Amino acid sequence: MLGPGAERALTVVGGTVPSTGVQSVVLNVTVTEPTSASFLTVFPDGTGRPWSANLNVLPGQTVPNLVVAKVGTAGQLTFAAGSGNVHVIADILGYFDVTSTDKFNPLDPTRVLDSRGALGGWNAKL
């Protein structure tokens with residue numbers, strides 16, 4: 001669970017996604033079980049939190065959204081919540097590889113995060 005105003009990093013390279021040459025990843029990100037009206041922002045780890053949201057939710061909703069996010073420090077993304085508590089689910093769908101002229105590389109959808117505990121939460125390994 002991600003609490004009000006909290007930020008958590010998740011490693012998204014290595015394993016399914018190469019460890020080097022990855023510029024950004026494509027994810028299906030879902031917020032579920034929000035306790036209040038909130039939002040979720042996904043951004044490169046090691047950078048400042050942007051003033052934008054990738055998705056918005058109301059209490060009790062489950063909302064998915066396709067997210068393309070630049071990979072940050074040590075191959076990580078940061079997930080940041082607005083107000084209230086939310087669970088976050090993320091499935092990786094592909095990546096952009098800088099070594100092949102920014103070509104998109106699709107993957108079979110793979111769950112890389114489920115804060116409800118199904119994959120060990122934020123410590124999920126690809």
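**Entry 1: ground rules**

I count two strands as paired if DSSP finds at least two bridges between them. Strands here are DSSP runs (E, at least two residues), and I number them from the N terminus. The model is predicted, so I noted that local features need pLDDT of at least 70 and that side-chain atom pairs count only at pLDDT 80 or more, while totals for chains, interfaces and linings use all residues. I number residues from 1 along each chain as its sequence is written, and side-chain values use heavy atoms, with hydrogens and water left out.

**Entry 2: the sheet with β6**

I looked up the strand order around β6. Four strands make an open, antiparallel sheet, ordered β1-β6-β3-β4. The edge positions belong to β1 and β4; each has a single partner strand, so one side of each has no neighbour in the sheet. The twist from one strand to the next averages 25°, taken between axes fitted as lines to C-alpha atoms, with angles between N-to-C directions running from 0 to 180 degrees.

I then went through the pairings. β1 and β6 run antiparallel and are joined by five bridges; in this pairing Ala9 has Thr78 of β6 as its bridge partner. β3 and β4 pair antiparallel over three bridges, with Ser38 facing Val57 of β4 as bridge partner.

**Entry 3: burial of β6**

How many residues of β6 are buried? Six of the six are, so β6 is largely enclosed by the rest of the structure. I use buried for under 20% relative accessible area, exposed for over 50% and partly exposed for in between (1.4 Å probe, protein chains only). Both faces of β6 are covered: one side carries Gln76, Thr78 and Ala80, the other Leu77, Phe79 and Ala81, and all are buried.

**Entry 4: Thr78**

I picked Thr78, which lies in strand β6. Its relative accessible area is 4%, so Thr78 counts as buried. Which side chain makes a polar contact with that of Thr78? I found Asp45, at 2.6 Å. (A polar contact is a pair of N or O atoms within 3.5 Å; within protein, one must be able to donate a hydrogen and the other to accept it, and residues adjacent in sequence count only if both atoms are side-chain atoms.) Leaving out residues up to four places away in sequence, I listed what Thr78 touches (heavy atoms within 4.5 Å): Glu7, Arg8, Ala9, Thr41, Val42, Phe43, Pro44 and Asp45. Ala9 is also the bridge partner of Thr78.

**Entry 5: the sheet with β2**

A further four strands form an open sheet in the order β5-β2-β7-β8, with antiparallel pairing. β5 and β8 are at its edges with a single partner strand each, so one side of each lacks a neighbour in the sheet. Neighbouring strands are turned by 20° against each other on average, direction ignored. I checked β2 against β5 and found antiparallel pairing over eight bridges. Within this pairing, Ala69 of β5 is the bridge partner of Val25.

**Entry 6: aromatic pair**

I found one aromatic pair in the structure. Phe96 and Phe104 form it, with 5.2 Å centre to centre and 50° between the planes, which is tilted. (Rings of Phe, Tyr and Trp, its six-membered ring, pair if their centres lie within 6.5 Å; planes under 30 degrees apart are stacked, over 60 edge-to-face, the rest tilted.) Phe96 is partly exposed at 24% relative accessibility, and Phe104 is partly exposed at 34%.

**Entry 7: towards the chain ends**

Pro4 sits in the segment before β1 (7-11). Is Pro4 buried or exposed? At 55% relative accessibility I recorded Pro4 as exposed. Not counting residues up to four places away in sequence, Pro4 touches Gly82, Ser83, Gly84 and Asn85. I also noted 23 Å between the C-alpha atoms of Pro4 and Asp91, which are 87 residues apart along the chain.

Ser115 is in the segment after β8. Its relative accessible area is 9%, so I recorded Ser115 as buried. The side chains of Ser115 and His87 are joined by a polar contact of 2.9 Å.
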